2 protein chains.
Amino acid sequence: MPNCGKIPTPTLERLATYLSALTNLANTNVETVSSAQLEEHTGVNAAQFRKDLSYFGEFGRPGVGYNVRSLHARIKAILKLDRPQPVLLVGAGNLGRALVGYPALKAENFQIVAVFDNNPTKIGSELMHVTIDHIDSVAERNRSLGARIGIIAVPAYAAQQVAEQLVEAGVLTILNFAPVVLKVPPHVTVRNVDFVQELAVLSFYLPDE
Amino acid sequence: MPNCGKIPTPTLERLATYLSALTNLANTNVETVSSAQLEEHTGVNAAQFRKDLSYFGEFGRPGVGYNVRSLHARIKAILKLDRPQPVLLVGAGNLGRALVGYPALKAENFQIVAVFDNNPTKIGSELMHVTIDHIDSVAERNRSLGARIGIIAVPAYAAQQVAEQLVEAGVLTILNFAPVVLKVPPHVTVRNVDFVQELAVLSFYLPDE
């Protein structure tokens, strides 16, 4: 793949959007799709779509459009979702429950293989069929699980310590829902999802009364 | 406020990040903060911070730093969070429950004032002390509530119809958790949070085995 080391993050985000649209098209047995049709499904304009794909070589044929299954398979491979991706979840609260039960994760090959918490009343019980383990066992548990993606769904005050435990357990990428800036070693990639931040931006766009 | 019509979205996102850090500092009775110290708490470098603030006029004094409470109050006002912001939530599932129970929302003045679903077994029961109403009543209910922010936490196949019902009910901004591109009138602003997309980007960054 050309240029693979320097793909802009927005391109990666859009690739995931294309993948989701292609998954839906493949499920409804659509065989080919034009970039204009894909724009309908993704909201991303056709020129941007072609530019994003250009980072990864040749796709489709001019005037013919794209074969849905082959484009789907190639984007899955680029995002390393052509193989199961085991995920560790820390935080067995409401958000953790929502994530474990989220059907689209499994559909794209993400598998939450273990759930951790530090609340003694939760340890040993199940969250949507996954047994909850104590966070202090994460390094030991992950020796056999081999997960490299972790999700932090704990309160802000606990998030930094959890991040350190995940890194020690061999996790290389973290999806962080706690509203706090995590300090991690340079080899670890973090993405933050902050519900308050999302709503605050929307609030700004409201007209004055 | 100068330039208020053309604030870049990343600036708004960072404003929300500064707000969250300042809320924490104010809660621990810190009185002044330098841009370098704030960088510690937000991960945003000091030059970017000053540039972001410059859209909104004069803040702080060179060499003295920023008064935490006054900066906090000004950013709250910019983001229109100096007043309660009522929010309609659609989708009384696990994610909805996580959102209603999320303490940081209330701390920043967001109040989920009504919850809607279309599942007859849920209507009339409570989600964290908020009674669940039928989605078809959203326009009528919002006549008295006056909320202009809506959250969509329903499955993808139901999201477009819910968006239309929210818009008809007077909602102007939507936070959408469904993995689908919503078609809304131009006066409505949508932000999407897609858990699969977030994980897919992280998956890309994993080294090859």
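Which helix of chain A is the place of Gln48(A)? Gln48(A) sits in helix α3, which covers residues 46-54 of chain A. Let's start there and then visit some other parts of this predicted model.

**View 1. Gln48(A), a partly exposed residue in helix α3 of chain A.** Gln48(A) has 15 C-beta neighbours inside 10 Å, so it counts as partly exposed. A residue would need 20 or more such neighbours to be called buried, and 12 or fewer to be called exposed. Now look for Ser35(A): it is 13 residues from Gln48(A) in sequence, and their C-alpha atoms are 9.6 Å apart in space.

**View 2. Gly91(A), a buried residue in a loop of chain A.** This loop runs between strand β3 (85-90) and helix α5 (94-100) of chain A. Is Gly91(A) buried or exposed? It counts as buried, because 27 C-beta neighbours lie inside 10 Å. If we set aside neighbours within four places in sequence, Gly91(A) is in contact with Gly96(A), Asp117(A), Ile152(A), Ala153(A) and Val154(A). Pro10(A) makes a handy landmark: Gly91(A) and Pro10(A) are 81 residues apart in sequence and 28 Å apart in space, C-alpha to C-alpha.

**View 3. Val90(A) in the largest nonpolar core.** This core has 126 residues, and Val90(A), Ile152(A), Val90(B) and Ile152(B) are the ones that touch the most other members. Which residues does Val90(A) touch, not counting those up to four places away in sequence? They are Phe116(A), Ile135(A), Gly150(A), Ile151(A), Ile152(A), Ala153(A), Val154(A), Val162(A) and Leu166(A).

View 4. Step back for a moment and you can find 9 helices and 9 strands in chain A. The C-alpha trace spans about 60 × 55 × 35 Å along its principal axes. Of the 209 residues in chain A, 41% are buried. Among contacts in chain A with a separation of 6 or more, 56% join residues 24 or more positions apart.

**View 5. Helix α9 of chain A, largely enclosed by the rest of the structure.** Why is this helix, residues 195-205, described as largely enclosed? Because 9 of its 11 residues are buried. You can pick out the buried ones by name: Phe195(A), Val196(A), Gln197(A), Leu199(A), Ala200(A), Val201(A), Leu202(A), Ser203(A) and Phe204(A).

**View 6. Where chain B touches chain A.** Here 48 residues of chain B are in contact with 48 residues of chain A. On the chain B side, the elements giving two or more residues are α1 (9-27), α2 (35-42), α5 (94-100), α6 (103-107), β8 (173-176), β9 (189-192) and α9. Helix α9(B) gives the most, with 11 residues. By class, the chain B side has 28 nonpolar, 13 polar and 7 charged residues.

**View 7. Helix α1 of chain A crossing helix α9 of chain B.** The axes of α1(A), residues 9-27, and α9(B), residues 195-205, come within 9 Å and cross at roughly 125°. That angle makes α1(A) oblique to α9(B), and the crossing is right-handed. From α1(A), the contact is made by Thr9(A), Leu12(A), Glu13(A), Ala16(A), Thr17(A), Leu19(A) and Ser20(A). Their partners on α9(B) are Val196(B), Gln197(B), Ala200(B), Val201(B) and Phe204(B). In this contact, 7 residues are nonpolar, 4 polar and 1 charged.

Notes: Residues are numbered from 1 along each chain as its sequence is written. Chains are lettered from A and ligands numbered from 1 in the order in which they are written. This is a predicted model: local features need pLDDT of at least 70, side-chain atom pairs count only at pLDDT 80 or more; totals for chains, interfaces and linings use all residues. Axes are lines fitted to C-alpha atoms, for helices over the stretch in contact, and angles run from 0 to 180 degrees between N-to-C directions. Helices (H or I, at least four residues) and strands (E, at least two) are DSSP runs, numbered from the N terminus. Angles under 35 degrees count as roughly parallel, over 145 as roughly antiparallel, 65 to 115 as roughly perpendicular and the rest as oblique. A crossing is left-handed if the near helix is turned anticlockwise from the far one by less than a right angle, and right-handed if clockwise. Two residues are in contact if their C-beta atoms, placed from the backbone, lie within 7 Å. Ala, Val, Leu, Ile, Met, Phe, Trp, Tyr, Cys and Pro count as nonpolar, Asp, Glu, Lys and Arg as charged, and the others, Gly among them, as polar. A nonpolar core is a set of buried Ala, Val, Leu, Ile, Met, Phe, Trp, Tyr and Cys residues joined through C-beta atoms within 7 Å.
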